[in-house]
Amino acid sequence: MSTPEQDDTVVRLRGPLSADVITAAAEQHGVCVRPFTMEVTDSDTGEVRYIGVPCGSTVESVCAPCAKKARALRMVQCREGWHMGTEPVDQRGEPTPDQRAVVEYRADLVAAYRESMENGEAGHADELREEIRTVDDELHAMGVRGRMPNPDGAGRRAPTRSTRRRQDAPNLPRRKVEKRTVGREYAGGYRPSMFVTLTCDSYGPVRADGAPVNPGTYDYRRAARDAVHFASLIDRWWQNLRRVVGWDVQYFATVEPQKRTAPHLHTAIRGSIPHEVLRQVTAATYLQVWWPPHDEPLYGGYRLPVWEPDARAFVDPDTRQPLTAWAEAIDQIEEPAHVVTFGAQVHSKGILGGSDEAGRHIGYLTKYLTKSTGEVIQATTDAQRAHHDRLHAELEITPCSPRCAVWLLYGVQPQGASSKTSPGHCKGRAHRRSTLGLPGRRVLVSRKWSGKTLAEHKADRAAFVHRMLAAVGITKQREDPARLVWRKLAPGDQNAPPRAHLLMHAISERITWRAEYERALLAAQPPPGDDPNLSATRPMAA
């Protein structure tokens with residue numbers, strides 16, 4: 001038998017590592033466990049500090065505190081916009097002098113870039129293009145939203161396609177869309193909203209675990225293409241819905257995978273829409289993909305197109321003839337390469353604002369936002385693994401965009417192809433084994449949902465806390481941002497403090513902030529004697 005001293009030694013050896021204890025404490029207090037280090041320099045005093053900035057991950061397995069905060073923020077955003085009774089106010093500000101100055105500088109860079117391209121100065125042009133990207137990042141950091149114009153110009157416009165509806169799709173009534181986003185109010189002041197679920201079509205019978213009953217007859221090609229174009233189909237559905245109901249329908253939606261790995265949409269819609277109208281719009285919505293044919297690959301294995309530096313294009317490895325350019329391939333199209341539609345199953349439900357049911361559905365909408373797509377659609381059986389492998393194999397040869405390198409397998413040169421393009425290998429999410437074609441945008445929010453951006457919702461929460469603290473005399477000194485110069489440290493920088501030091505400092509700060517906030521909450525509550533229900537002089541009821 002072991003002695004007590006030996007038992008104590010075993011316990012000490014099996015104890016947790018200090019890093020694990022620090023990480024657990026950080027998670028308990030809601031501190032980011034994977035902060036990246038920023039070097040902050042005060043331009044007036046020359047003081048240099050190192051601050052740990054939260055990673056901002058939305059995946060719980062990567063950073064649980066950041067993921068939980070992101071989910072809570074999305075829940076607030078969903079709740080504020082779902083049952084609004086008044087039109088949201090557009091709070092976009094006017095362009096500032098600094099923003100205009102940076103745009104003028106960008107215009108000069110674009111002019112110099114185009115001049116370098118015309119003179120054949122490829123090296124100088126690459127440097128200018130990199131500077132333009134840096135300026136674009138600076139503009140976005142200054143609060144400018146939207147995509148900046150392409151330095152290479154608008155490019156060649158795609159040929160005009162017929163807008164006549166397909167004969168196999170039912171017609172839809174079309175109304176002029178009014179500039180209102182709030183739904184109808186019914187007797188008694190009730191203003192219900194909707195919760196809707198849309199799914200992809202069926203590709204063959206499946207079992208309870210999502211695996212096909214007969215993999216040989218399961219339509220993997222259509223499943224892969226529908227998944228790639230699902231986001232565009234959703235956009236078309238919103239357009240049709242707004243034209244049918246005649247007002248600017250607003251939504252908060254999340255895209256999640258089913259067990260069969262097909263994407264489906266859960267969405268909260270502001271205002272009430274008849275269930276029959278939703279089914280009618282879903283049945284009549286389709287998306288025609290006007291892309292070059294991509295049914296049978298022309299290249300593969302060791303026989304792949306090669307880059308020709310003189311022609312600045314990919315050529316056939318045998319004939320050395322350039323592949324068909326994207327614009328030429330588009331001109332040759334006579335019919336769509338694929339047509340995407342929704343499945344017949346449409347679930348819709350009316351929800352009253354402020355009810356327990358509304359809270360449950362908000363939780364259901366944001367249920368999987370802290371999980372990556374691969375964590376939601378894990379394969380646990382051999383049939384599921386084989387199903388995922390078959391679908392992934394199809395996605396590997398399914399182009400995801402006009403710039404996708406997979407187009408080279410079909411003899412088409414994609415947009416933006418260069419010497420760095422690897423034929424058949426695209427880094428897009430659609431081709432990853434972990435995502436199986438699901439769209440990159442997990443949350444879809446219309447622009448007029450709550451009248452605020454996600455950053456503005458976050459700022460509102462911070463302002464609320466500052467007001468609570470100020471009410472009890474606690475004020476936080478704010479530094480002038482113009483004095484501070486921020487620089488992100490590269491990995492391996494000798495000046496970066498150890499992560500454990502950043503976590504310990506953040507835990508200490510969080511404990512102090514929590515104590516101050518709880519003090520503010522206690523001060524905001526009225527004394528027990530001020531409650532009329534607890535008054536000693538109030539006569540008791542008979």
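This is a predicted model: local features need pLDDT of at least 70, side-chain atom pairs count only at pLDDT 80 or more; totals for chains, interfaces and linings use all residues.
Six strands make up an open antiparallel sheet, in the order 6-10-3-5-4-12. At its edges stand strand 6 and strand 12, each of which pairs on one side only. Direction ignored, neighbouring strands of this sheet are turned by 20 degrees against each other on average.

Strand 4 and strand 12 run antiparallel and are joined by three bridges. Phe 252 has Val 445, in strand 12, as its bridge partner.

Strand 1 (residues 36-42) pairs with strand 13 in the antiparallel sense, over five bridges. Within this part of the model, Val 40 has Trp 486 of strand 13 as its bridge partner.

## Helices against the strands

Helix 6 (residues 220-228) lies across strand 5 and strand 10. The helix runs at about 60 degrees to strand 10.

Helix 10 (residues 356-365) has as its buried residues Ala 358, His 361, Ile 362, Gly 363 and Leu 365. The cover over these buried residues includes helix 3 (64-82), together with strand 3 (193-200), strand 4, strand 5 (263-269) and strand 10 (338-351).

## Salt bridge within a helix

The structure contains 23 salt bridges. One of them joins the side chains of Glu 130 and Arg 133, with an N to O distance of 3.1 Å. Both residues belong to helix 5 (residues 122-141), where they are three residues apart, about one turn of the helix.

Glu 130 has a relative accessible area of 46% and is therefore classed as partly exposed. Arg 133, at 42% relative accessibility, also counts as partly exposed.

## Salt bridges between distant parts of the chain

Lys 448 and Asp 248 form a salt bridge in which the closest N and O atoms are 3.6 Å apart. This pair links distant parts of the chain, the two residues being 200 residues apart. Lys 448 sits in the loop between strand 12 (443-445) and helix 13 (454-471), while Asp 248 sits in the loop between helix 7 (230-245) and strand 4 (251-257). Lys 448 is partly exposed, with 43% relative accessible area, whereas Asp 248 is buried, with 15%.

The side chains of Asp 316 and Arg 303 meet in a further salt bridge, at 3.6 Å from N to O. Asp 316 counts as buried at 10% relative accessibility, while Arg 303 is partly exposed at 36%. Elsewhere, salt bridges that share partners join Arg 221, Arg 225, Asp 295, Glu 296 and Glu 394 into one network.

## Cysteines

Zero disulfides are found in a search of the whole structure. The sulfur of Cys 55 has its closest cysteine sulfur in Cys 32, at 3.6 Å, which is too far for a bond, because a disulfide requires the two sulfur atoms to be within 2.5 Å. Cys 55 is partly exposed, with a relative accessible area of 23%.

Cys 63 is likewise in no disulfide. The nearest cysteine sulfur to that of Cys 63 belongs to Cys 66 and is 3.6 Å away. Cys 63 is buried, with a relative accessible area of 0%.

Notes: Residues are numbered from 1 along each chain as its sequence is written. Side-chain values use heavy atoms; hydrogens and water are left out. A salt bridge is a side-chain nitrogen of Lys or Arg within 4 Å of a carboxyl oxygen of Asp or Glu. Helices (H or I, at least four residues) and strands (E, at least two) are DSSP runs, numbered from the N terminus. Buried means under 20% relative accessible area, exposed over 50%, partly exposed in between (1.4 Å probe, protein chains only). Two strands pair if DSSP finds at least two bridges between them. Contact means heavy atoms within 4.5 Å. Axes are lines fitted to C-alpha atoms, for helices over the stretch in contact, and angles run from 0 to 180 degrees between N-to-C directions.
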